[in-house]
Amino acid sequence: MSDTDGIRLVLEQEGAYAFKVSFDGTTLDALHTDEPAPLGGGTGPNPSALLLAGVANCLSASLVFALRKFKNSPGPIRAEITARKERNAEGRWRIPRAEVVITLADKAAALEHFDRVLAQFEQFCIVTQSVRDGMAVEVSVIDADGQRYLPGGAG
């Protein structure tokens, strides 16, 4: 799958809250997800962890890209993301903020145009910018008869 193709994942339920996530158009092994106990069995990462992993991974890759763009050969980096779930006004759990700390193997002074790298690398991160900007998600539910239903009762 190239960067300009659509992104398609297929999820198939394997347990109470466990799913097999297949990456369409790739030869990658499926990823197994699950909610932690007491809801699920905790046999894989849950969606909140995957969201945070996506943000931290994308920021890390974007930083490496920006460093290399200015002819740097950075050593391995390490990223840590922390977040806390909080209830919103309706009492639903949300992740309102996250903190990402990226640690370089190199001294900033040894990197070419490091100030320019810092000024622009976040803009290369598709995931973080999509989350920050808000992403429209259209949802429909199809039953065993093929009938499509929209959340909120429209059908």
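Which residues lie nearest the centre of the largest pocket? The close-ups below start there, in what is a predicted model.

**View 1. The centre of the largest pocket.** Ile7, Leu9, Phe23, Gly54 and Val127 lie nearest the centre.

**View 2. What lines the largest pocket.** Helix α1 gives the largest share of this lining, with 9 residues. At least two residues each come from β1 (9–13), β2 (19–23), β3 (31–33), α1 and α3 (126–133). Sorted by class, the lining of the largest pocket has 24 nonpolar, 8 polar and 6 charged residues.

**View 3. The second largest pocket.** Here the volume is about 500 Å³, and 21 residues make up the lining. Look for Leu52, Ile95, Arg97, Ala98 and Val131, which lie nearest the centre of this pocket. Two or more lining residues come from each of α1, β6 (93–94), β7 (98–103) and α3. Once again α1 turns up with the largest share, this time 5 residues. The class count for the second largest pocket is 12 nonpolar, 2 polar and 7 charged.

View 4. Is Ser62 buried or exposed? Ser62 counts as buried, because its relative accessibility is 5% and the cut-off for buried is under 20%. Leaving aside residues up to four places away in sequence, Ser62 touches Phe121, Phe124 and Cys125.

Note on methods:
Residues are numbered from 1 along each chain as its sequence is written. This is a predicted model: local features need pLDDT of at least 70, side-chain atom pairs count only at pLDDT 80 or more; totals for chains, interfaces and linings use all residues. Side-chain values use heavy atoms; hydrogens and water are left out. Buried means under 20% relative accessible area, exposed over 50%, partly exposed in between (1.4 Å probe, protein chains only). Contact means heavy atoms within 4.5 Å. On a 1 Å grid over the protein atoms alone, a cavity is a set of points where a 1.4 Å probe fits but cannot get out, and a pocket is an open set with protein on both sides within 12 Å along at least five of seven lines; lining residues have an atom within 4 Å of a point. Helices (H or I, at least four residues) and strands (E, at least two) are DSSP runs, numbered from the N terminus. Ala, Val, Leu, Ile, Met, Phe, Trp, Tyr, Cys and Pro count as nonpolar, Asp, Glu, Lys and Arg as charged, and the others, Gly among them, as polar. Grid points are joined across faces, edges and corners, and a volume is the space filled by probe spheres set on the points.
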